[in-house]
Amino acid sequence: MSAPIDNLFGIHTRALGLWQRRSEVLAGNLANADTPGYQARDLDFRAALMQASGQSEGLALSTPTPGQIAPSTQVADKLMWRNPTQPSMDGNTVDEQVEQADFAANGVHYQASLAFITAQIRMLRTAITG
């Protein structure tokens, strides 16, 4: 009996997609740092990962009819508004230093998950070839 590929790499396969999505959101915030009225957004990574792994705190949603959107994909698409520490006079809530720090930390997390998956693949390759 073979294990599904997701079980081989643990939570890291699901986390990679979420880290990538968060990078896109943070990059969008940085790109709009000078746009008047732009409201900074972020992804609730913990909630999205919990739902993607089936450990949601709320009630599980079901899709009784074919063609419905899977509820596990919805959390990653729900972005939160960032609370501004010092909003600008034009209504823009992007704090470039906070966004850059979060973007860098997000990149480190992405690389760590990728390194874990790469190490697992090497270990499997070694086990197969001897």
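Hi everyone, and thanks for coming. Please keep in mind throughout that we are looking at a predicted model.

Let's begin with the layout. The protein has 5 helices and 2 strands, and if you walk along the sequence the order is α-α-β-α-α-β-α. Of its 130 residues, 22% are buried. The protein exposes about 8,900 Å², with carbon and sulfur atoms supplying 57% of that area. As for contacts, take those with a separation of 6 or more: 78% of them are between residues 24 or more positions apart.

Now to helix α5, which covers residues 96-129. How far does α5 reach from its first C-alpha to its last? With 34 residues, the helix spans 49 Å, close to the 50 Å expected at 1.5 Å a residue. After α5 comes Gly-130, which has a positive phi, near 90°.

Which residues of α5 are buried? They are Glu-99, Asn-106, Ser-113, Ile-117 and Gln-120. As a reminder, residues three or four places apart in an α-helix point the same way, because there are 3.6 residues a turn.

Let me stay with Glu-99 for a moment. Its relative accessible area is 0%, so Glu-99 counts as buried.

Glu-99 has another partner, Asn-29: their side chains make a polar contact at 3.1 Å. Asn-29 belongs to helix α2, residues 12-31. Is Asn-29 buried or exposed? Buried, because its relative accessibility is 0%. Beyond its neighbours within four places in sequence, Asn-29 touches Tyr-38, Ala-40, Arg-41, Arg-82, Val-94 and Glu-99.

As a general point, side chains of opposite charge can pair when their charged atoms come close. Here the count is 6 salt bridges.

Asp-102 in turn meets Arg-22, at 3.9 Å, N to O. Arg-22 is in helix α2 and Asp-102 in helix α5, so this pair ties together parts 80 residues apart in sequence. Arg-22 is buried as well, with a relative accessible area of 13%. Put together, Arg-22, Asp-42, Arg-82, Glu-99 and Asp-102 are linked in a network of salt bridges.

Finally, a look at the surface. Which residues form a nonpolar patch there? Leu-8, Leu-124 and Ile-128 do, with about 280 Å² of accessible area together. Leu-8 comes from helix α1, residues 5-9, and counts as partly exposed because its relative accessibility is 33%. Residues 96-129 make up α5, so the helix that carries buried Glu-99 also contributes Leu-124 and Ile-128 to this patch.

Terms used:
Residues are numbered from 1 along each chain as its sequence is written. This is a predicted model: local features need pLDDT of at least 70, side-chain atom pairs count only at pLDDT 80 or more; totals for chains, interfaces and linings use all residues. Side-chain values use heavy atoms; hydrogens and water are left out. Helices (H or I, at least four residues) and strands (E, at least two) are DSSP runs, numbered from the N terminus. The expected span of a helix is 1.5 Å times one less than its number of residues. Buried means under 20% relative accessible area, exposed over 50%, partly exposed in between (1.4 Å probe, protein chains only). Patches are made of residues with over 30% relative accessible area and no salt bridge: like charges are joined within 9 Å, nonpolar side chains (Val, Leu, Ile, Met, Phe, Trp, Tyr) within 5 Å. Accessible areas come from the Shrake-Rupley method with a 1.4 Å probe; for residues, only the protein chains shown count as cover. A salt bridge is a side-chain nitrogen of Lys or Arg within 4 Å of a carboxyl oxygen of Asp or Glu. A polar contact is a pair of N or O atoms within 3.5 Å; within protein, one must be able to donate a hydrogen and the other to accept it, and residues adjacent in sequence count only if both atoms are side-chain atoms. Contact means heavy atoms within 4.5 Å.
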